[in-house]
Each structure stands twice: as structure tokens, then as C-alpha cells.
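Colleague: I would like to go through the labels on this model. Please give the cut-off behind each one.

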Amino acid sequence: MKIWLFVWFATTIFKSFAEGQFQYFTDDPPDDYFKRKSLEDCPIRFYWDVDKFNVHYAYGGVRAVRGEFQHMAAIGWNNSGSIKYMCGGSLITSKFILTAAHCIADGEGKPPVTVRLGDTHLGSTEDEQFSQQIQIKAIKRHPLYKFSRKYYDIALIELEEEAKFNEAICPACLWLEESAPAEQMNAVGFGVTGYGEELSPTLQKVNLSELDKKECMKRLPKNSRNLPDGLVDSQFCAASDHQDTCEGDSGGPLQIERLDVSGVMIPLIAGVVSFGTPCTEGSTGVYTRVASYRDWIEQETGQSFSYSTCAKTSECYTRKRVEINIDSPPSAPFHRVGLLWNHTDLNEFQCGGTLIDYKFVLTSAYCARFKQGFPKLIVVEDSKQIVPIESVHIHPMYTPENPENDLALLKLTKYLNPRGNLLPACLWRDEEVKDKYGQMHYSTFSSSTAPLKYFHGDVYDRYIIGTKIEENGKCLNTSFRNKNLLCGQNNIKLIPTVCKIDYGGPVSNNANFQWTPYVYGVVSTLSEGCENELVGVRIKPHLQWIEDTILTHNDDQLIFVT
């Protein structure tokens, strides 16, 4: 992750901040504003002094994660003065363990008394430095669970004290989708490794895939009195040819890992180990579908488990990190602004736009006309400074059936003061889309990371997704390709919904102080999410319309904002 530190050299900027917040816009146009004949002078006009944004950056490392499954909990019972661990669970907050309801009592009806965290070998002291033994304060089984049935097999264990997060201990998030993940899942536990064997002292993992409900019912015992309604929607099956969960794994997680936009790998619990066929090669497991019990879990824990809240508020700093093609954009110079429809909702990510001139913002026609009516203001991201929009210019050839023309220009009431960090992006004029690193970057956003008590899901940070330029940005989707739209592929698996598309925002190069920022296109509403194909509207075919509108003050297709 790049950490950007900014060094200001322009004395005029120092002076402006000394007197108060720097004002990005002014009432006065530049001396030569009305004499400007082309936007081609953008690099020379705005980026002649590259040292102005002398940005120094460093790559920060994090200590390696000690445990592969930091949320794994071993649930223990008193056993003649020692502790016997007979169920598993998942740490989902600092005080709560998610497990199976049938794990709230052993064969003699005794409840568990303790939980072991951060230990991958229960029979040795090798993890002693990082593990924690915490007594159980309360057990909350689902109110509809019955020991004589296999339904509602889910419970929460409240700990006597909060777990302390470290290299080996960190909570998991929940998979909230109605369907199980399509990819292979990991089941984790200290259960037996084969039929008739003893419980394993070391943490074991198996790779499993969801099994079709009909096939699963064929494998389960017939006329089961504890499963009178067959499998219900709050249950699902998983299996593999050679592995399965076994006795002692009950209550443990069936999970996947997905990436946050910051490159942090987040474990997501999709199922809780419930029951299955006898533990032999090719056996089948049945799992409680966690998503079906989200409301109950949130009610009992008093905490939201939305993807953004869980992923962005954890105070675990030892989760695995990987280098991905999503990053924060350079903070200087910047050219993206937000569109607003009133003075009360200052969320700058309702729609985006790109400043391309002293007085004009490029965005999508969808944002400028069809989303909520005409926008009234633009907002500068870092300062929340607001500038009214004087008029809106919709591309004359735009209709929803012609997404290749989904462009609009917003004329502002004020002029840019070019002495700050906000500067226009230059328009890409070549037929071939090129970049020093062979990438183009799509504007996106995600909830800001913050401690839980300060977290607000509607406060966002901007990110850019870098996609490889292939076939000059041609689309894989044939209907998009026929429209000459600008596409890039992003194939990494992200946590659902944490990454959001910045409609109307820029498709650009990743420029910092060494290179001029160019905009290749505008992010299209045809981009359905941050994964797979990202879609933009090319600006090269529309340069004449853009320059005519900005430089000749053409009123064709002009829509005045009231």
C-alpha cells in the first residue's frame, strides 16, 4: 500500500493555507481564458512545473500472520481436572464466538466452560505466546433449536472478557449472500482425521465444494426423524472426493477468503459445521447457512455484520495482505470532483466528474440528467468546497440505446484557481490508448476504514482499479464491443459490495507528479460492479463536441439549471 507524503514548494500555496483554507475556485477568469483556441495546450498550461507536486512515497510492510485461521476457536469442557476440546467455533467479534447449537452441551448435558484462541496445536506449547484461554460468560443458542432436530443449529458464545487481537487472533466476517460461494471453501477444525480415530491435536483444514441439494439428500440417511422436512433453505451441503469434516469439527467454520479494496484478505464464514454422513472417504457434510441468521446474530451481539462494517472497522492489523491492482489515487494533482443535487447531502460519490478546463467538468449524461434530475453543484473531495453549476450540456447524440455517447459537460459559475492541487486532466487524443505501465484506471470508491465507534458506512474513500490495456480497450461483451466502448478486465475476487463504481468518474492513466494526468474516458453505468468487465465511454470520438462546447460557448443542447 502506498503511503503518500506531500511536500509543498509553491510559496503561494503556503500563503493561502496560512490565511485559511485554500480556495480552489475564483470569480475571475485567467487573463487568456477567452483567447484559448484548443485544449491541446493542457500539459504545458497546467503541468509545466512537475516539481510542484514533489510526492515522496514508501511501501510499508506488515508482520507476517502467525496463524492461517486467526478466528478459529476451540471450545472446551471440564474433564476430571483437564480441558477436553470437542467443538470448534469462529471468533466474529472480540467477545463472541459463532458455533453450532448442538455444541452447547456434551453427551452428559454439560455445557462448555472455556474457549482457546490462537492455538494451532492443542497438544504442545508452541503457540503459547500468542494463544489466549478465555472463560465462557454465556451461551446463546437459537431459540428455535431442539436437540431432537437438525434445524436452527447455530449458537453464540459470549466470552468473559474481550479477546486481544494479535498475530494469531483476529475475527472473521460473515458471508451474507443467499447462495453459498461458487469457489472451493475451507472447513477448519480439530476433529478426527478418519473414521474411528482420535481427535486431532493440530488444526486441520479441508477443501470442499457445495453439493447439489438433491444429490445431498440421496447421500443422507432416509426417514431421518431429526430431519423430518428434509434439507431447508437455511442449510446446505458440501463435500469432496477425499475429504470432509468429522466428529470434533462441529461448530467450526466453512469459509472462503475475499479481498478488501486495500488488499487485506478477509475470511468470510459461509457455514457452520452441523452434521453429516459417517466420516469416510467421499462423505458429505451439512452446514448451517450463516446468512439465514444474520438478523439474529446482529441482535444478540449488538453489532452490524454488513460487509463494509466488518471489513472496515476491525482493529486487526495482522491479517494477510496481498498486492492487488486496486490502490488509492495520488492526492496531488487530482482532477475528480463529486456531483451534488442539493446543499444538504454532501456525499461526493453520488456521481463523479472530471475537471478538464478552468470552468468545465466532464461526466456522464446519465449522471447529469437521468439519475436525479440535473445536478446543482460540484464538490471538491478533500476540502468539501462547493461550486454551483451554471448549466448542463448533454451530448446531442445521447440516448440510453447509444451508451457510446453517454457524456455531458457541466459549466461552473466560477473559474479554477490553478495554483492548488486540483488541476484539469488532459484529454487523450490518440486512437490508441497507451500508458507507461500498460494500464488504465477506473474510478471506484469504498467505505472509509475507522474504529467501530467512529465508523459511518456512507463516508467513502476513492480508489482506482488498474486494468491491463488489451486490444486497445476493446470489450469482451460483444454488444459493448460493437458500441466501441472502453473496457478493462478485473478478475480478482472481492468481498461483495465493498467496492462501488464511481459512475461519471474518470477512466485515466495513473499519473503522479512525474506524468501528466490524461483521461481516456468516463466510467459508464454499464459497469455492473468492480469485478469482471469495467466499461467506460471513450472521449476520443467526442473531442470536437467537447472543445466546441467549452471554447465556442455553443448553446446547442444546452440545459439550464434552475
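Modeller: Start with ring pairs. Rings of Phe, Tyr and Trp (its six-membered ring) pair if their centres lie within 6.5 Å; planes under 30 degrees apart count as stacked, over 60 as edge-to-face and the rest as tilted. Ring pairs link Tyr33, Phe34, Phe46, Tyr358 and Tyr415 into a cluster. This is a predicted model, where local features need pLDDT of at least 70, side-chain atom pairs count only at pLDDT 80 or more, and totals for chains, interfaces and linings use all residues. Residues are numbered from 1 along each chain as its sequence is written, and side-chain values use heavy atoms, without hydrogens and water.

Colleague: How many aromatic pairs does a search of the whole structure find?

Modeller: The search finds 14.

Colleague: What makes the pair of Tyr33 and Phe34 edge-to-face?

Modeller: The centres are 5.1 Å apart, and the planes make 85°. That is within 6.5 Å and over 60 degrees, so the label is edge-to-face.

Colleague: Why does Tyr33 count as buried?

Modeller: Buried means under 20% relative accessible area, exposed over 50%, partly exposed in between (1.4 Å probe, protein chains only). Tyr33 has 6% relative accessibility, so Tyr33 is buried. Phe34 has 56%, so Phe34 is exposed.

Colleague: What makes E14 and E15 paired strands?

Modeller: Strands (E, at least two residues) are DSSP runs, numbered from the N terminus. Two strands pair if DSSP finds at least two bridges between them. Seven bridges join E14 (residues 253–259) to E15, antiparallel. Pro253 has Val272 of E15 as its bridge partner.

Colleague: Why is E15 called mostly covered?

Modeller: In E15 (residues 265–276), 11 of the 12 residues are buried.

Conventions: Helices (H or I, at least four residues) and strands (E, at least two) are DSSP runs, numbered from the N terminus.
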